[in-house]
Amino acid sequence: DPIPTLAAGQASLAHVRAVFRMEFAHPDAKSLPLSRKERRAVKEQARVDQLQPLLEKLGGSDAVERVEAARELRSSLNGAHPPSLDNLIQAGCVPQLLRLALEQDDHELQFEALWALTDLTSGTAEQTRAVVDVSGSLDTFKQLLTAPRASPREQAVAIFANIAGASMELRDRLWADGLALEVIMMLSFGKAVEQLTYFDAEQKVWRVRGVGGGAQSEQPVGVVRAVARCLGRLCAGESEPVLGEAMQPLLHTLEVLVMSPDEEVVAETCRALACLQYRAPERIATVVKFGVCTQLVELMEHPSSEVQSLAVRAAQKISTGSKLGMMAILVCEPVPALKEMLEREEPTIQRDSCSMLVDVLAVGGPHVKEVVDAGCVPVLAGLLSSGDEEVKCNAARAIGMLTSKCSPKQIDELISSDCIIPMVKMLEISAFSSSADVGRAVLSFVEGVLQAGRQLNSERFARALQEAGGLQMLQQVTEMSNDQDLCAKAKAIMQSGF
């Protein structure tokens with residue numbers, strides 16, 4: 001078939017100039033110099049015109065020329081001044097590349113064509129949608145998932161990951177069309193009916209069953225990594241996709257991937273797990289039964305900071321989904337690992353561990369003692385002086401929650417002036433910013449220590465708060481904060497005799 005030329009449906013350089021002249025409607029338009037907008041359009045059109053011979057070669061019969069053209073097109077897309085993806089799509093290069101992507105006998109041509117398609121789907125959501133809307137594009141990528149060679153399979157999965165990450169609309173389309181399930185089924189994990197993981201009682205760790213358990217994937221590590229990355233994109237978004245019959249295969253696949261020794265696979269799997277919802281009891285039962293919760297807590301001690309952070313977020317998503325989810329995580333004893341994360345000199349890790357400790361402390365009961373016995377309190381107090389504002393805020397929330405759950409005697413033993421001074425300073429954030437939740441945590445702390453002092457007949461806390469400028473900070477909150485509840489609570493503490 002003849003290839004659509006770049007000139008078809010597009011203005012020539014002269015026409016571009018004429019259009020701009022008419023747009024300005026100036027009597028001396030022909031003599032006016034080109035504007036910046038015109039120059040940009042002219043340069044873009046020139047780059048597109050330069051690609052015309054390449055597109056003609058792509059549709060030619062000479063195998064060598066087709067490979068060279070595909071390579072040059074791919075190189076131009078990755079060059080310093082790549083052509084506009086919009087112009088390339090409108091010029092009709094996508095159908096040509098899709099045909100070449102199915103050239104199973106010409107490995108190099110297929111590789112270059114798929115690489116170019118990967119670049120074309122990594123642009124804006126509109127550009128990716130334009131590629132998806134080309135007749136037969138999704139079917140082509142689906143066929144490549146079962147290609148004889150690993151390279152096109154990996155590239156096809158990468159393209160699906162780009163499509164899923166472009167917009168929630170396209171992500172949902174992949175689920176609705178069954179293409180997400182096709183990606184999951186590339187790994188045999190999703191097909192297994194029996195339990196794929198088991199607890200090694202001797203080593204006290206969860207493991208993946210061998211070939212006899214049906215959990216071995218025949219895909220090379222590059223494809224497995226691409227699938228894990230794609231699953232992270234397919235699960236991401238403000239709202240969870242409609243999983244339907246794909247839910248169980250997805251969970252079974254994630255349960256095995258999270259046990260992988262490969263760092264990249266584990267990180268992407270944790271990312272996917274952190275995007276799902278865990279309100280339904282059957283989901284909690286699945287992640288508990290197959291050892292996912294235990295493994296996430298184990299991964300909190302992984303040498304990779306990224307894996308640690310993503311594991312905490314996944315565990316936190318499970319624990320905050322329902323009471324059953326919280327119990328499932330707490331049974332795995334995450335507090336010691338969270339305490340070690342607090343001591344890491346990495347703000348992201350510290351923020352995530354503080355955030356989960358707030359959830360653990362909110363449960364109360366024996367878990368407060370667990371946090372105390374692990375030595376978290378002095379570490380949290382030290383983080384109040386951190387250079388990272390989010391770390392300080394999360395540490396303040398944790399200490400505020402701890403104080404609300406402790407008895408007066410526990411507060412007397414745990415809270416020192418080293419903790420009171422930076423906590424009082426955090427009130428300034430509440431007064432001059434919109435961090436009302438931090439303010440509530442600090443006010444809860446101030447109220448808790450004052451009540452503890454009164455019940456213990458001790459003026460230590462009141463005196464420490466006075467010396468730290470607590471009264472002045474409370475006054476600032478009432479005068480500067482826009483949060484009425486926060487102001488009312490600050491006033492109530494001041495009027496209580498502080």
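Student: Is aspartate 262 buried or exposed?
Tutor: The model is predicted, so local features need pLDDT of at least 70 and side-chain atom pairs count only at 80 or more, while totals for chains, interfaces and linings use all residues. Residues are numbered from 1 along each chain as its sequence is written, and side-chain values use heavy atoms, without hydrogens or water. With a relative accessible area of 14%, and the cut-off for buried being under 20% (1.4 Å probe, protein chains only), aspartate 262 is buried.

Student: Which residues does aspartate 262 contact, leaving aside its neighbours within four places in sequence?
Tutor: Aspartate 262 sits in the loop that joins α13 (247-257) to α14 (263-275); helices here are DSSP runs of H or I, at least four residues, numbered from the N terminus. Counting contact as heavy atoms within 4.5 Å, its partners beyond those neighbours are Val221 and Arg225.

Student: How are α6 and α9 oriented to each other?
Tutor: Helix α6 (residues 107-120) packs on helix α9 (residues 150-166) with the axes 9 Å apart and an angle of about 10 degrees. Axes are lines fitted to C-alpha atoms over the stretch in contact, and angles run from 0 to 180 degrees between N-to-C directions. Since angles under 35 degrees qualify, the two helices are therefore roughly parallel.

Student: How many charged residues are in the contact of α6 with α9?
Tutor: From α6, Gln110, Phe111, Leu114, Trp115, Leu117 and Thr118 meet Ser151, Pro152, Gln155, Ile159 and Asn162 of α9. Six residues of this contact are nonpolar and five polar. Asp, Glu, Lys and Arg count as charged, Ala, Val, Leu, Ile, Met, Phe, Trp, Tyr, Cys and Pro as nonpolar, and the others, Gly among them, as polar. The number of charged residues in the contact of α6 with α9 is none.

Technical notes: Parallel < 35°, antiparallel > 145°, perpendicular 65-115°, else oblique. Buried < 20%, exposed > 50% of the residue type's maximum accessible area, 1.4 Å probe, protein only.
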